Amino acid sequence: MITARRVRAFGISAAALLATSIAFAQGGDKNFTEPGPLTGSVPKATCGRGDHIESGLQGQTTPEERSSGDSERAYGCNLALVSQFKGEGSVSQNGPAYLGNCAYYATNDNAQQKHLGVAVLNVSNTSHPVATAYLADTPSMLNPHETLRTHAGRELLAAAQNNGPNFAVYSLAHDCREPKLLASIDLPGSQAHMGNFAPDGRTYYLGQNNRGIGGFVYPVDLDDPSSPKELMPWQYLGDGRPHGM
């Protein structure tokens with residue numbers, strides 16, 4: 001989680017060009033540690049008075065809420081908007097990417113943008129987040145879709161090219177505001193869609209954009225992140241294809 005100055009989390013809302021916003025939630029402490037695995041059912045949260053919440057199962061938007069327009073007003077439970085950063089349009093991103101006082105989000109890869117690539121934000125001042133860099137030096141950062149991920153333990157940022165073979169990994173160890181490119185490689189045949197680090201950060205798994213039965217996963221060995229190695233692709237032979245890693 002983001003640890004500085006009472007910041008616990010942030011969410012990215014995708015919008016049209018010139019309409020990206022990031023919301024921050026207050027609370028927590030700077031010594032926050034990631035909890036262990038949950039072995040039971042998830043307890044229902046107790047939301048605050050005035051929160052706009054779903055009518056049914058918590059976290060699930062019903063067809064009625066979508067058709068009535070109720071879901072057009074964002075749902076939230078125990079979140080308070082502290083500040084926003086309005087950039088040039090965020091794009092689909094499955095889960096936030098962050099480390100320390102920094103947050104990262106993918107943009108639309110639109111020729112009209114002044115700044116292409118992944119936006120790097122300094123959120124140490126929670127009331128005034130500012131962009132410190134835009135990563136546009138690899139095909140992966142120009143169009144990462146749902147592959148943009150960070151690993152706190154190894155201080156790495158990684159992404160793969162949407163519908164393309166490139167995979168790139170950056171170091172955040174020196175300064176999270178200025179990611180340093182460690183490696184950019186091509187994975188022949190890869191058409192990346194979504195991905196994630198293994199818990200120890202030494203492997204990255206890439207889901208593919210292939211349709212129908214028999215989807216592939218492309219693993220990458222990151223034991224030495226400056227020299228990533230493609231591992232043998234694994235094919236899922238079940239009724240469907242991998243998406244979330």
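Predicted model: local features only at pLDDT ≥ 70, side-chain atom pairs only at ≥ 80, totals over all residues.
Residues are numbered from 1 along each chain as its sequence is written, and side-chain values use heavy atoms, with hydrogens and water left out.

## Overall make-up

The protein chain contains two helices and 15 strands, where helices (H or I, at least four residues) and strands (E, at least two) are DSSP runs numbered from the N terminus. Of its 245 residues, 39% count as buried; buried means under 20% relative accessible area, exposed means over 50%, and partly exposed lies in between, with a 1.4 Å probe and protein chains only. The chain exposes about 13,200 Å², and carbon and sulfur atoms supply 50% of that area, as computed by the Shrake-Rupley method with a 1.4 Å probe, where for residues only the protein chains shown count as cover. Among contacts (heavy atoms within 4.5 Å) between residues at least 6 apart in sequence, 48% join residues at least 24 apart.

## The strands around β4

Strand β4 covers residues 102–105, with Cys-102 and Tyr-104 pointing one way, Ala-103 and Tyr-105 pointing the other way, and all of them buried. On one hand, β4 pairs with strand β3 (residues 97–99) in the antiparallel sense over three bridges, a pairing being counted if DSSP finds at least two bridges between two strands. Within this pairing, Ala-97 has Tyr-104 of β4 as its bridge partner. The two strands form a hairpin with two residues between them, and Gly-100 in the turn has a positive phi of about 55 degrees. On the other hand, β4 also pairs with strand β5 (residues 118–122), again in the antiparallel sense, over four bridges, and here Tyr-105 has Ala-119 of β5 as its bridge partner.

## Disulfides

The structure holds two disulfides, a disulfide being a pair of cysteine sulfur atoms within 2.5 Å. When the bonded cysteines of the protein chain are numbered in sequence order, the pairing is 1-2, 3-4.

| Disulfide | S to S distance | Angle about the S-S bond | Handedness |
|---|---|---|---|
| Cys-47 and Cys-77 | 2.1 Å | -105 degrees | left-handed |
| Cys-102 and Cys-176 | 2.0 Å | 70 degrees | right-handed |

The disulfide of Cys-102 and Cys-176 starts from strand β4 and reaches the loop between β9 (166–171) and β10 (180–186), so the pair ties together parts that are 74 residues apart in sequence. Both Cys-102 and Cys-176 are buried. For the disulfide of Cys-47 and Cys-77, Cys-47 lies in the loop between β2 (21–26) and α1 (63–68) and Cys-77 in the loop between α1 and β3, so this pair ties together parts that are 30 residues apart in sequence. Cys-47 is partly exposed at 23% relative accessible area, and Cys-77 is partly exposed at 24%.

## Salt bridges

A search of the whole structure finds two salt bridges, each defined as a side-chain nitrogen of Lys or Arg within 4 Å of a carboxyl oxygen of Asp or Glu. In one of them, the side chains of Asp-175 and Arg-177 meet with an N to O distance of 2.9 Å; Asp-175 is buried at a relative accessible area of 17%, while Arg-177 is partly exposed at 37%. Arg-202 forms a salt bridge with Asp-223, their closest N and O atoms being 2.9 Å apart. Arg-202 lies in the loop between β11 and β12 (203–208) and Asp-223 in the loop between β13 (216–221) and β14 (229–230), so the pair ties together parts that are 21 residues apart in sequence. Both partners count as partly exposed, Arg-202 at 36% relative accessibility and Asp-223 at 48%.

## Two loop residues

His-145 is found in the loop between α2 (139–142) and β7 (149–151) and is buried, with a relative accessible area of 15%. Apart from its neighbours within four places in sequence, His-145 is in contact with Ser-92, Gln-93, Asn-162 and His-193.

Gln-191 is placed in the loop between β10 and β11 (192–197) and is partly exposed, with a relative accessible area of 36%. Gln-191 and Gln-161 are 30 residues apart in sequence and 7.5 Å apart in space, C-alpha to C-alpha. Leaving aside neighbours within four places in sequence, the residues in contact with Gln-191 are Asn-163, Gly-164, Gly-207, Gln-208 and Asn-209.
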